[in-house]
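I should like to present one protein model, and I ask you to look at the display first.

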Amino acid sequence: MFCGARTRTGGRCQRYPLAGKRRCLLHGGKSTGPRTVEGLSRTLSALWWGRKRYVEQRHSMGLPAAGGRPASIRSGEGGVDMVGRAMAAIDRELETLPTAEWPVGELTPAELLRET
Ligand SMILES: [Zn+2]
């Protein structure tokens with residue numbers, strides 16, 4: 001099995017990965033990844049902002065941005081309301097359970113889960 005990282009010439013890296021790793025030492029095999037909460041936070045922030053820049057750039061050119069969840073499962077924006085579906089499913093499940101006193105106001109159990 002090879003490292004397989006994409007190379008500048010368009011091929012795949014033919015070196016062997018480091019032991020226990022998936023990449024060779026030239027392609028991140030020595031990386032430990034983020035080791036602190038701050039490091040992970042920086043990494044995720046860079047991912048988020050980089051994606052945002054990419055999407056804005058594509059949209060400014062009038063092009064779609066690849067990736068993201070398909071509209072069919074996105075909640076809001078005309079897609080299927082997954083939260084509403086989940087709440088309805090929870091309500092249905094609760095109907096099948098033995099009844100207990102429900103002292104908390106007018107909200108259904110599913111609504112309470114959503115609020116807290
Ligand atoms: Zn490599």
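I shall speak about confidence, overall architecture, the helices, and then a few residue pairs.

Please note that this is a predicted model, in which local features need pLDDT of at least 70, side-chain atom pairs count only at pLDDT 80 or more, and totals for chains, interfaces and linings use all residues. Residues are numbered from 1 along each chain as its sequence is written.

Let me begin with confidence. The term pLDDT denotes the predictor's confidence in each residue, on a scale from 0 to 100. For this protein the mean pLDDT is 83, and 80% of the residues reach 70 or more. Among the elements, helix 1 has the highest mean value, 93, while helix 3, residues 109-115, has the lowest, 71.

I turn to the architecture. How many helices and strands does the protein have? There are three helices and zero strands, and the pattern along the sequence reads α-α-α. Helices here are DSSP runs (H or I, at least four residues), as are strands (E, at least two), and they are numbered from the N terminus.

Burial is the next topic. A residue is called buried if 20 or more other C-beta atoms lie within 10 Å of its own, exposed if 12 or fewer do, and partly exposed in between, with C-beta atoms placed from the backbone. Of the 116 residues in the protein, buried residues make up 1%. Contacts (C-beta atoms, placed from the backbone, within 7 Å) can be described as well: among those between residues at least 6 apart in sequence, 3% join residues at least 24 apart.

Now the individual helices. The expected span of a helix is 1.5 Å times one less than its number of residues. Helix 1, residues 37-60, has 24 residues and reaches 34 Å from its first C-alpha to its last, close to the expected 34 Å. Why does helix 1 lie largely in the open? The number of buried residues among its 24 is zero, so the helix is largely in the open. Just after helix 1, Gly62 takes a positive phi of about 75 degrees.

Helix 2, residues 82-96, has 15 residues and should span 21 Å; its end C-alpha atoms are 21 Å apart, in agreement. Helix 2 also lies largely in the open, because the number buried among its 15 residues is zero.

Finally, some residue pairs. Ala88 is found in helix 2 and counts as exposed, because it has 12 C-beta neighbours inside 10 Å. Ala88 and Ala110 are 22 residues apart in sequence, and 7.7 Å apart C-alpha to C-alpha. Ala89, also in helix 2, is 21 residues from Ala110 in sequence and 8.9 Å from it in space, C-alpha to C-alpha. Thr108 lies in the loop between helix 2 and helix 3; with 15 C-beta neighbours inside 10 Å, Thr108 counts as partly exposed.

Conventions
Contact = placed C-beta atoms within 7 Å.
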